[in-house]
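Welcome, and thank you for taking a look at this protein with us. Please have the model open as you read, and follow along one region at a time.

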Amino acid sequence: MATEELVTEQFKFLGIEVSKEVLSKCVSICTEYDVDAETFIEQWMAFSLTTLNGASPTLDNLELLEKREFSKRSASRLTAVANEVTHSSTGRSLTVYGAPVAKQSENELLSNYMTTTPKRIKIECETGPKQNELHPATYSPKVEHSVKYTSRTNQGTVVHSFGEDKLVEVITNTTALDNLLELNIVQVPNDDGELYNKAKYGFELLHEKASVFDNHIRYISQCIMKKNGFSETVSVRHKTQTEVLVAGRIECDADARLNSKSVILQGTWEDSLSQTVPLDLDSVQQYSLFPGQVVVVRGINPRGNKFVARELFCDAARPVPDPTSDITNTLKGTLSMVVAAGPYTTSNNMSYEPLKDFIAYLNTHKPHVVIMTGPFVDCEHEKVKDNSMAETYKSFFDKLIDSLADIGNTSPFTKIYIVSSHKDAFHVNIYPTPPYSSRKKYPNIQFLPDPSTLNINGYIVGITSYDVLMSINQEEISHGSVGDKLSRLSGHVLRQQCYYPTAGSLGSLAADGSLWAAHAQLPATPHILVVPSNFRYFVKEVNGCIVINPEHLSKGAGGGTFARLVVRPPTEDKTNSNIAAQIVRI
């Protein structure tokens, strides 16, 4: 609904100042003809430029606008159905199913700028219970549903549990939680105190990107050396028959997958002028390496053209912060949290049945915090690729957000944090990915970039929507490693202090170097790390951090899983004993 504040904001955005009387007239027109402030201002600008030579809004000009545009439009709507024909001189008509009423004004507005109309579009608005259907407008009256999803019998099944038994029982007992829990949730800035909201990308020069990665090598290697009590390193090309330490970044010497014979080490500009040297790993008893990893290596280099490694060091992990360090920001009660990862519809349709069931779960269980990661409109979905949608990807995303915002009616204390994804069809394909934007702002929904770090009353929660575990796994080589593979892959993220440690390697994601250095680094080892992946769901403790892979809310044509957690106030025991989690089938 248009208000004087919204109309004033739209005019100020265009650099136009208007009087109180003109504002009242604008609001009156918006109310009478059921248009929002943004649409009204767009209509005024089009009318002013084409009819009034760009004149400012006055009472007389607004009356002329109302007479020529809005009154004529209102009359045309009443006769639209009677005058609709199945054929026109320019081609067959197209019927759009599932579009809201507001779409008509948009089509009429666009028609003011068109000289010819190749196809007539007839919009059929859904009424009754179908308004709650979460599917995009299409050219087909038939809405497909996934038989595999609707016929499943394991919905709500708990497939994995983590934590103390007494704390796990609290997860399912929603009546034991305090809805009035006072929460202080803030996004953690980077080391420079900056938050990632909007930024230019794709403008960096090659030497600037090289400098970014060189600084990263130097910083992480210094952290490794400090942790192990080392003092100095030498050039990777330094000839020596006595053991020395060198620092650098793991790379592959060919356009292929890394193997034990193709490992090279790129040194820093300060020590090695960014030169590379082949690594001989035959004498190393245990290692786990991947392109982009920063390491410190102990060994010899007799001829200067091959470094014979004896031992590798790669642990630069920061300590897990004390959740009671700030006594004014300490959790006072048991926190309930739900985590889900996209895609939110099955692969064979756009009916978003998993998302509807997830919203129903949230309305029933009323968690304090909900974390959702993209994609919401997956660019790899077959229905997105075949261009069968009759509305823009962005407008449909706004529709999904509207449905999530309705949770505030049944659970006003639930806060929803939505992390962006580079795989969304309506968003930018760059990493780090800036936060989404929506036409409407809701008090219970906040958009976050990918990756993000939250501070929830002293508990640090790290979140990324990118499948970093699979990215590392595709390039990693390992020898003599102990423990399970998923813990090792998750440990790489923590030990390299980076949400995306493979950046810059062959075949990696499109990453902006300066943004990656500024906003893809871990400000601290989090208490909880959310890493959605195509790997099987898991909840594990790794280096004092609870790593959660909720998998995806939908898997192919069937349903997927999500995670639910409880976090109790910190005690003298280990922090991980205060966290319990379950993986649940949707």
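## Ground rules and a buried glycine

A residue is called buried when its relative accessible area is under 20%, exposed when that area is over 50%, and partly exposed in between, using a 1.4 Å probe and protein chains only. By that rule Gly342 is buried, because its relative accessible area is 2%. This is a predicted model, in which local features need pLDDT of at least 70 and side-chain atom pairs count only at pLDDT 80 or more, while totals for chains, interfaces and linings use all residues. Residues are numbered from 1 along each chain as its sequence is written, and side-chain values use heavy atoms, with hydrogens and water left out.

Where does Gly342 lie? Its place is the loop between β13 and α11; helices (H or I, at least four residues) and strands (E, at least two) are DSSP runs, numbered from the N terminus. Setting aside residues up to four places away in sequence, Gly342 touches Thr373, Gly374, Pro375 and His552, where contact means heavy atoms within 4.5 Å. Ser465 is 123 residues from Gly342 along the chain, and the C-alpha atoms of the two are separated by 8.4 Å.

## The protein as a whole

The protein has 17 helices and 26 strands. Of its 586 residues, 50% count as buried. Among contacts with a separation of 6 or more, 72% are between residues 24 or more positions apart.

## A seven-stranded sheet

Let us turn to the strands. An open sheet of 7 strands runs in the order β5-β26-β25-β13-β14-β15-β16, with mixed pairing. Two strands pair if DSSP finds at least two bridges between them. The edge strands, each pairing on one side only, are β5 (158-162) and β16. From one strand to the next, the twist averages 20°. Helix α13 packs on this sheet and touches β14, β15 and β16; its direction makes about 135° with that of β16, with axes taken as lines fitted to C-alpha atoms (for helices over the stretch in contact) and angles running from 0 to 180 degrees between N-to-C directions.

Strands of a sheet pair through backbone hydrogen bonds, either parallel or antiparallel. Here β5 and β26 (residues 579-585) pair in the antiparallel sense over 4 bridges, and Ser161 stands opposite Gln582 in β26. By contrast, β13 and β14 run parallel and are joined by 5 bridges, with Met337 partnered by Val369 in β14. Another 5 bridges join β14 to β15, also in parallel, and there Val370 has Ile416 of β15 as its bridge partner. Finally, 4 bridges join the parallel strands β15 and β16, where Val419 stands opposite Leu448 in β16.

## Covered strands and the nonpolar core

How much of β14 is buried? The count is 5 of its 5 residues. Both faces are covered, with Val369, Ile371 and Thr373 buried on one side and Val370 and Met372 buried on the other. In β15, 4 of the 5 residues are buried.

A nonpolar core is a set of buried Ala, Val, Leu, Ile, Met, Phe, Trp, Tyr and Cys residues joined through side-chain atoms within 4.5 Å. The largest one has 35 residues, of which Phe358, Met372, Leu404 and Ile418 touch the most other members. Two or more residues each come from β13 (335-341), α11 (353-365), β14 (369-373), α13 (393-405), β15 (415-419) and β16 (445-448). The largest share, 6 residues, comes from α13. Beyond its neighbours within four places in sequence, Met372 is in contact with Ala340, Tyr344, Leu355, Phe358, Leu404, Ile416, Tyr417, Ile418 and Val419.

Helix α2 (residues 20-33) has 14 residues and should span 20 Å at 1.5 Å a residue, which agrees with the 20 Å between its end C-alpha atoms; the expected span is 1.5 Å times one less than the number of residues. Its buried residues are Val22, Leu23, Cys26, Val27, Ile29, Cys30 and Tyr33. They cover an arc of only 160° around the axis, so they sit on the same side of α2; the arc is that of the directions from the helix axis to the C-beta atoms. The face turned away from the buried side of α2 carries the exposed residues Lys20 and Glu32. Just after α2, Asp34 takes a positive phi of about 55°.

Buried in α3 are Ala37, Thr39, Phe40, Ile41, Gln43, Trp44, Ala46, Phe47 and Ser48. Just after α3, Asn53 has a positive phi of about 60°.
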